[in-house]
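Here's a quick tour of a few spots worth a look. Have the viewer open and follow along.

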Amino acid sequence: MTHPSAQQQPWSVQPSGEPVHSIGAVTGDPSAALPELASPVDTDPTTPVALTQLGRLIREEPQLRLWLLTGIGALILQAFYFLMQASDTAALLILVIGTAGWILRWSSAAYWILLLNTWFHYFPDGVPGGSRPNYWLLNKYGNPESMLAILSLVTYIWSHWQWISLTREVAVVPRPDGTVQRWRRPAHTLQPAEWYALWVFSLLALGITWLLWMIVDGVVIVPGSITPLDWQLPPLRLPSDALAPWLTRLIVLTSLITVILLGYRLVALMRLRYTWKASDAAFWLHDLAWQELHREWRRQATLQQRHVSPRQENRRPPYPSA
Amino acid sequence: MVTSRGYLWLVSLAGLVLLGVLLGREVSLLPTWSGMTLLVLWGGRCLYFAVRAEGLRRRIQVHCRLFQAGREAPVLWAQIPFTVELTVFNPCRYPVLLVLEDWFAPGTEVVAGTYRCVLRVKAGQNVTWRYQRRAAVTGCVRRECLQVIVLDSLGMFQQRWRVGEPQQWWVLPPLCDEEGRQRAVKQFNQVPPPGSHRWRRPGTGSELLDLRDYQPGDPPKMVAWKVSARREQLITRELESDVPVRCLLFVDGAADVRLGSPGQRPVQRLAQAAGLLAQTAIAQRDPVGLVCFDAQGAEVLPPARTRQHLLRVLRRLAEVAAYPAVPRGLGATALTRRVWPWAHFLYPHLVQGSLNNMPSARLWRPLLDRSWGWFIPAVMLANLVMVFTVPPWRLWAAEQAAAFSRWCLPQGGISQLILFAFSMITFLIGPLLVAGLVWLWYGTQDLFGSMRRSLTQRKQLAALVAFNERAGPARIEHLLADNTAYTHALGCFLQQHLIPTPVHWYDWPQRQLYREPAKIEVLASALLRAVSRARDNELYVILADLADYTPHLLPLVTACRLAHARHHQVLVILPEPQGSSHPPSPFSSGTAQVSELPSLATSSPSPPESASDEQKLARRYYATVYQQLRRQLVAVGASVLCLEATNPLPVLLERLDRLRGYRSRR
């Protein structure tokens, strides 16, 4: 279904597979007068949506409503989770900061929610040194509630950044005069597939995380042993000469990230010729030729010095005429 | 590729994961798992975005066409809106979210539609996008590129490319209307046909000029028989000449008339006025010629009256008015600072570090290239020779080291022995160490800090300029070594991309850098050459900025005097400096306000009330030099007018009609 405001855009969309050269014929007289954009809310993608126009935009754009409801649902789920953990302060703070962040479009709201989440998990009473046992200490490798809590947090974060991109800014482009151009994503470019992608990618990320943690937490490093790497899942009794668990986790996780980054870099280098355009390759060859040329000139100058011995300051490469 | 939002988010997640890994399951697992999940999600989106963006970059296709008056236009006309049609084709198998911005060089304004938008282009889909622009003054329109920004929907990643090669269209001066074509009314019933004008010199026309005594050789048909009978001696009739008014336009293209913001440069107003004069003259079937001059020389288009010739004249005027002045008085560093943001914006992929970087080896400053540089290795060598071949040197070093260690640590022990060893080495090869440190300090001066940045930027700009010039790798080395060539190349870069030189019209000290007195001599010699080849009844219209050249006007005054002595007309038109408003930002591509059609007034300019003090002073100075100039040229029979930006242009046309012998309608 095409949104009414999309039909009034000054561009025309060709059906799939239409050859490029037939566009002029299809779209009619090129010099015809162009319609002005009708929607006063979503016309200019370079300005943020004003607070007064936010309600109208939410009414007009069903996809935007969907994301808004998803984010609010995730926020409420987070609050319920903390209420279940008997951290009323956390639930209240999360609701207040999350809602204010959505209304006022704070980019920092996501950071604050993440910080609150971490803080109240480590200190359920809200202050360090509380006596209440942590709910999560009872869960070793996750349960449905814990997975749901993580999913709600991920959903909130994703929806929050989507909301900021739709109403405030999604890209910042520097300009030659020192200013920056801020771009906002118009709401009519939202697609239903993005909402499904949220769930698919979140579940996938959660699965990968679970697998990673199993690896990180299950490895035991025993320096000096014949087999320095061991596997204990769950690690009930560590050998006396094994590394501390936090150090083992740090080493394994750092090694994993390093391998992933290096592998990505290697693949990127191998795919270089597929990612470059012809002009990039021509420029690279041009630059490489300059470096080789400079080396040759230095060699020539050194050779000249042995036989002719000119003044050092006058040794210059044979420049072409300007 | 990663935006500032993405980096900040990544750092936050990495901190959270690090904290969770250190604390582990002993405290709580959920923050760790949340952070890791978000980190994995971030990494996955990064990979997903990189693969899609790189795939799109090589395949995306953009076509641009310009239409004016309903058809595709190879050249444009000023003040008539033209339609820009852009077609973006996504040949990939996935949809993409794109920010598109059609980037034109300064000098045009958007009159309908929008030149930038955010689109979601589906797989295999064409998107055609049209909007209208207008070039208000003559010159050229340069379309730099279509800036494409591929977006991540969460704003964590973005990639910016320039798609398409720069295109350029000449903008011809505006077509004159019916008033310009039929400017004059007939003063007499018997007038020559179009293209011929009465000239009060003896000739073969139809109007009687005078009667004189018969001289042998006069044709009998010219004898006035009735008058001869009345006076009883032969009297011969003399008729007026019917000649065309050949109009020769001299248009100034020197550097000082190219200063200013787009649409407000004097050369553009002069070219526009010249185009109007040429159209009016050819509409009246008068031949029109064109002489474009600057300090280097003059180019001549001989007078003709055909339609093709008119188009040639207009095209040449557009070429003259197209480019701004090359900046002067700026050093290599200042020019680099000015060009770098434009290069980074217009050619983002060609100045990025992965493709265009300065090798670190080139940043090592070679000491031995200096004539005094050999002193340092000589010291080192001498020190080594002394160590190995002069025993007293070793003895002296040992004595000094022992004395120093005893003085420092009189209690003795292993520490004294270690100190002795270090002191011994220091005294023994001290000069070598000092010389080595000096060599290291000299060599690494360019490796760090601002020097490294400036040298790298210079190399990147040199490589970009050389690549655009198709000049080969030797050109890069040339630009790196030769400051003059480098500054000239950067100035040409700015000129080629129509980036105006930021010199205000009232900044007279700065404008002095752009003065070219040689153009007066070029103009005078061109005028003399035209006079020497002229026929009867020529009209010379000089459109030039002569206000700053009153001490150098002697050759021009002489040429004007000669033209006047040969009964030709000379009209000098000066451009008035632009009004009191500050020129708009050179970056305002989409919404640049361009000036109105230039017009003429015979009065000297007066300062506006809202102008600042320096503008008032500049206007007063200009009024003074204008009066001096006017006095000098009027004395030799030339007419002087001043182009203004506010008053109507018909003043000039009326003046030309009077020079032609017509009486104007107005």
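Leu95(A) comes out as partly exposed because its relative accessibility is 33%, a value that sits between the cut-offs of 20% for buried and 50% for exposed. Keep in mind that this is a predicted model. You'll find Leu95(A) in helix H5 of chain A, residues 88-104. Together with Ile72(A), Ile76(A), Phe80(A) and Leu83(A), Leu95(A) makes a nonpolar surface patch of about 420 Å². The top contributor to that patch is helix H4 of chain A (residues 62-84), with four residues.

Now hop over to chain B and strand E10, residues 158-163. Six of its six residues are buried, so the rest of the structure largely encloses this strand.

| Direction from E10(B) | Residues | State |
|---|---|---|
| One way | Gln158(B), Arg160(B), Arg162(B) | buried |
| The other way | Gln159(B), Trp161(B), Val163(B) | buried |

E10(B) runs antiparallel to strand E9 of chain B (residues 139-151), and six bridges join the two. In one of these pairings, Leu146(B) has Val163(B) as its bridge partner. The E9(B)-E10(B) hairpin has six residues between the strands, and Gly155(B) takes a positive phi near 80 degrees there.

Last stop: Arg458(B), in helix H11 of chain B, residues 449-469.

How values were computed. Residues are numbered from 1 along each chain as its sequence is written. Chains are lettered from A and ligands numbered from 1 in the order in which they are written. This is a predicted model: local features need pLDDT of at least 70, side-chain atom pairs count only at pLDDT 80 or more; totals for chains, interfaces and linings use all residues. Side-chain values use heavy atoms; hydrogens and water are left out. Patches are made of residues with over 30% relative accessible area and no salt bridge: like charges are joined within 9 Å, nonpolar side chains (Val, Leu, Ile, Met, Phe, Trp, Tyr) within 5 Å. Accessible areas come from the Shrake-Rupley method with a 1.4 Å probe; for residues, only the protein chains shown count as cover. A salt bridge is a side-chain nitrogen of Lys or Arg within 4 Å of a carboxyl oxygen of Asp or Glu. Buried means under 20% relative accessible area, exposed over 50%, partly exposed in between (1.4 Å probe, protein chains only). Two strands pair if DSSP finds at least two bridges between them.
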